[in-house]
Amino acid sequence: MSIFRTKDFDAMHAASAGGGLKKVLGPVDLILMGIGAIVGTGIFVLTGSGASTAGPALALSFVVAAFACGFAALCYAEFASILPVAGGIYTYSYAILGELVAWMIGWDLILEYGLVTSAVSVGWSGYFQSLLGGFGLQIPVALSAAPGALPGVTTFFNLPAFLIMMTLTVMLSLGVRESTRINNVMVVVKIGVVLLFILVGARHVAPANWHPFMPFGVNGVMSAAALVFFAFIGFDAVTTAAEEVKNPKRDLPIGIIGSLAICTVLYVVVSAIMTGIVPFAQFKGIDHPVSLALQFAGENWFAGFVDLGAILGMSTVILVMAFGQSRVLYAMSRDGLLPKKLSSLNGAGTPIVATWLVGIVFGLLGALVPLQVLGELANIGTLAAFCLVSLAVIILRKQRPELHRAFRCPGVPVIPALAILFCGALMAFLSAITWIAFLIWLAIGLVVYFTYARHHSLLNQK
């Protein structure tokens, strides 16, 4: 009856083998899935806020955030090579840190993935309405944003945000092979748009705009890093697909580290070019910084391509994060911690009830809650998860040194300790209200665990 009871490794592998999910994904699929989850709101929206917070040193802020993610990614890769089982860090925690910790991590992931899909759907809606405006079309004002999102304007429901969630939920229902193909096409297009921006924008860089490089000091760099960390959320979603990978022990580390490395390079280069074209002060309050840089450079012809790239970029983020959310619910349900219906599969091998629950609940959340309320909560949930998986690597090396590891995190315990240090530092720069809301969410999770999950756990029945 211990709340720290752990699952047996062999039993988890056996459950994975007979789980019914289809093994169809390869390393390229996983890298594109990771890029699909990462490149979106961060590069097309948050770079503006980051530039006004850190100045030209925004590129350095991305490097700091990338280090935090990179150290954690190495820890994720080791676990993914040991336990290629659906559920990502929730599953890893269940095997190492015990049921209560695993439950709280799963509860945390529900917040992280769900709020990311909701927040990105709101950003998607803004770019979509901007694109429609270019054709002289307009969504009715009452259906253009959540209540209270636009000061002085009466709005009731963000219809485009809800509709994109429903559309992508239908795609996910078709099966992982089909949704992955759709994701791969959209990722190739949006990366093409980003690369084209780099080629076009590099010609208009004025190095004088990079001085002073760090106008707000180290505090500005760290505050921006805590903000743009949102731009890296997503690589961990690759691990939730473990049971659907053909050769998970080899391909999962490739997908995790490869997607993070590619996106870090893109972020640093794009932010350097943006602040080299436009004086950083002019990004304040701008939600389309990439378009602004091109307009400032007189490249108006390319603005439509950027809008299209942003729309596709955000679509893939929603698609991959909703996929990850449904697999976490599937894993928790299979363990008895959530109702059994959430682990039921349709003919395409998709956890259909979990998929539609995610789509409807977080689609409504995006339609009814303003964007600024959603953002930081997703960051703090992810940072907490990264700290725990890094701690778990250290513990597992002590407890089970004999386990075969197809990928070994280098420099243990130093690398995991650095992950905890970097992620903890970024958490310290988040607002007090974010911490309060996060702790309230965790408190609700404890109530659900002790009133339902603990008693229905499969381990409780042995």
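1. Ala51 sits in helix H3, residues 41-54. The model is predicted. Ala51 has a relative accessible area of 0%, so it counts as buried. Beyond its neighbours within four places in sequence, Ala51 is in contact with Leu58, Thr275, Phe280 and Phe283. Phe407 is another matter. Ala51 and Phe407 are 356 residues apart along the chain, and their C-alpha atoms are separated by 37 Å.

2. The axes of H3 and helix H10 (residues 248-277) come within 11 Å. They cross at roughly 55°. H3 and H10 are therefore oblique to each other. The crossing of H3 past H10 is right-handed. On the H3 side, Ile43, Thr47 and Ala51 take part. They meet Leu266, Tyr267, Val270, Met274 and Thr275 of H10. By class, this contact has six nonpolar residues, two polar and no charged.

3. Helix H6 deserves a careful look. It spans residues 99-134. Its axis and that of helix H13 (residues 352-368) come within 8 Å. The crossing angle is roughly 50°. H6 passes H13 in a right-handed crossing. H6 supplies Ile110, Gly114, Leu115, Thr117, Ser118, Ser121 and Val122 to the contact. H13 supplies Phe362, Leu365 and Gly366. By class, the contact of H6 with H13 has five nonpolar residues, five polar and no charged.

4. H6 also packs on helix H12, residues 303-334. Here the axes come within 9 Å. They cross at roughly 160°. An angle over 145° counts as roughly antiparallel, and H6 and H12 are therefore roughly antiparallel to each other. This crossing is left-handed. The contact of H6 with H12 has 21 nonpolar, nine polar and two charged residues.

5. Now the largest nonpolar core. It has 161 residues. Phe44, Tyr76, Trp103, Phe197 and Phe235 touch the most other members. H6 gives the most to this core, with 18 residues. As background, nonpolar side chains tend to be buried together in soluble globular proteins.

6. Setting aside neighbours within four places in sequence, Ser144 is in contact with Ser125, Gln129, Ile139, Leu150, Thr155, Phe157 and Asn158.

7. At 0% relative accessibility, Ser81 counts as buried. Residues up to four places away in sequence are not counted here; Ser81 touches Lys249, Pro253, Arg405, Ala406 and Phe407.

8. Leu32 belongs to helix H2, residues 27-38. Its relative accessible area is 17%; under 20% counts as buried, so Leu32 is buried. Leu32 and Asn183 are 151 residues apart in sequence. In space their C-alpha atoms are 7.6 Å apart. Not counting residues up to four places away in sequence, Leu32 touches Asn183, Asn184 and Val187.

9. One joins His211 and Pro212, with omega about -5°. Pro212 is in the loop between helix H8 (176-201) and helix H9 (217-228). The other runs from Val412 to Pro413, with omega near 10°. Pro413 lies in the loop between helix H14 (371-399) and helix H15 (414-428).

Methods. Residues numbered from 1 in each chain as written. Predicted model: local features only at pLDDT ≥ 70, side-chain atom pairs only at ≥ 80, totals over all residues. Heavy atoms only, no water. Axes fitted to C-alpha atoms, helices over the stretch in contact; angles between N-to-C directions. Helix = DSSP H or I, 4+ residues; strand = E, 2+ residues; numbered from the N terminus. Left-handed = near helix turned anticlockwise from the far one by under 90°. Contact = heavy atoms within 4.5 Å. Nonpolar A, V, L, I, M, F, W, Y, C, P; charged D, E, K, R; others polar. Buried < 20%, exposed > 50% of the residue type's maximum accessible area, 1.4 Å probe, protein only. Core = buried A, V, L, I, M, F, W, Y, C linked by side-chain atoms within 4.5 Å. Parallel < 35°, antiparallel > 145°, perpendicular 65-115°, else oblique.
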